[in-house]
Amino acid sequence: MHFDTLALRATHQPDTTTGAVVPPIHLSTTYARNEANELPANYIYTRTNNPTREALEKALAVLEGGAIGMAFGSGQAATMTLLQALRPGDHVLVSTDAYFGTPALLEQVFHPWGLTYTRVDLSDLSAVQASIHENTRLIWCETPSNPRLTIQDLAAISEMAHAVGALCVCDNTWATPVIQRPLSIGCDVVMHSTTKYLSGHSDVLGGALIFKEDNDFTQRVRQIQGLSGAVPSPFDCWLVSRGIKTLSVRVRAQSATAQRIAEFLDGHPAVEIVHYPGLSHHPDRALIDRQMSGTGAMLSVRVKGGAAEALQFIGKLKLLIRATSLGGVESLIEHRASAEGPNSTSPVNLLRISVGLEHPDDLIDDLRQALDWIINPANKAA
């Protein structure tokens, strides 16, 4: 089936009792046993399992082409649970350009616990190979990366990981399975912040892991998920499942608008550089075409000047909302260095844009007037 159909079929499971087309939300935290003290449907307590969460987890596995899906209370909870399944003394490789919360977890939580890690430019395969240790057990990819949208060769990195018995994990939040399916390329695990595109409406917090195989490591992660209780509520699971129904049409529409915005910004006199996989002159054009079926709705732009110019620019915007997060129906823009704080590695003139579902002409007009204000000395004087 085409992905559009797949997404609907995976989340549309009519209720067998009533015939309701939209499945009910099972809010119960506990489940009754029969006269023989047996559990009729193998549900005992909602921290370990719940019908609504189970339906979402099955849908997640279908979307990414995996064997097992697991839902969590946030993307960070998903990342943390996966890292907890490793052992003290194990080594992790993580990209130098990645969501800042991932290396923060490694440094502040897991390094004191006994994990070691190396940050490396995962777009440089020779650097990846040189950074692999005998005890490397996991390589954490994120492509396109946050916030510079670097592209990493998932097939090549997976092969390097497997050569030393390590797992290759891909944070696929930005690309979504609409555009990229890492498990089919060679990765072992996919992570999502379901807060973003999968739910798609900026109203639910969630995360997910999808595993290519159901093996001992997968079951260890499942055990930690249940023991730690880092799980979403049934209502949050239902919201994510509802969002998945429109995932494909949203991402494709947002991506088309992002392409137009990137082309408008590229070469503008107030812009230093645009980071977007859809630009024709992108240095990784061949890899993008091979690995992705689209180019996504995220881009970042570095305006000419420093933090002052970047903040002046976003201060003049009228449609794009100055806010953290991404993947919703509304367009957001963020000065990434401010959001990440004093330890940020993002350039001070970089702005991250999550393109929503507004008309592209309106968004471009808004960006144009704000950029023109920055480069016009008369406006500055006024």
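Four aromatic pairs are present in the structure, which is a predicted model. A pair of aromatic rings is described by the distance of the centres and the angle of the planes. Two of these pairs are described here.

The ring centres of Tyr31 and Tyr43 lie 5.6 Å apart. Their planes meet at 35°, so the pair is tilted. Stacked pairs have planes under 30 degrees apart, and edge-to-face pairs have planes over 60. The limit for buried is under 20% relative accessible area.

A second pair joins Phe235 and Trp238. The centres of these rings are 6.1 Å apart. The planes of Phe235 and Trp238 stand at 10°, so this pair is stacked. Both residues belong to helix α10, which covers residues 234-245. Phe235 and Trp238 are three residues apart in α10, which means that about one helical turn separates them. Phe235 shows 40% relative accessibility and counts as partly exposed. Trp238, at 23%, likewise counts as partly exposed.

The packing of two helices, α1 and α2, was also examined. Two packed helices are described by the angle between their axes and the distance between the axes. Helix α1 spans residues 3-11, and helix α2 spans residues 51-64. Their axes come within 9 Å and cross at roughly 165°. Helix α1 is therefore roughly antiparallel to α2. The crossing of the two helices is right-handed.

On the α1 side, the contact is made by Phe3, Leu6, Ala7, Ala10 and Thr11. These residues meet Ala59, Val62 and Leu63 of α2. By class, the contact holds seven nonpolar residues, one polar residue and no charged residues.

Thr11 is part of helix α1. With a relative accessible area of 6%, Thr11 is buried. Leaving aside residues up to four places away in sequence, Thr11 touches Pro23, Ala59, Ser241, Ile244 and Lys245. Among these partners, Ala59 also takes part in the contact of α1 with α2.

Key
Residues are numbered from 1 along each chain as its sequence is written. This is a predicted model: local features need pLDDT of at least 70, side-chain atom pairs count only at pLDDT 80 or more; totals for chains, interfaces and linings use all residues. Side-chain values use heavy atoms; hydrogens and water are left out. Axes are lines fitted to C-alpha atoms, for helices over the stretch in contact, and angles run from 0 to 180 degrees between N-to-C directions. Helices (H or I, at least four residues) and strands (E, at least two) are DSSP runs, numbered from the N terminus. Angles under 35 degrees count as roughly parallel, over 145 as roughly antiparallel, 65 to 115 as roughly perpendicular and the rest as oblique. A crossing is left-handed if the near helix is turned anticlockwise from the far one by less than a right angle, and right-handed if clockwise. Contact means heavy atoms within 4.5 Å. Ala, Val, Leu, Ile, Met, Phe, Trp, Tyr, Cys and Pro count as nonpolar, Asp, Glu, Lys and Arg as charged, and the others, Gly among them, as polar. Rings of Phe, Tyr and Trp (its six-membered ring) pair if their centres lie within 6.5 Å; planes under 30 degrees apart count as stacked, over 60 as edge-to-face and the rest as tilted. Buried means under 20% relative accessible area, exposed over 50%, partly exposed in between (1.4 Å probe, protein chains only).
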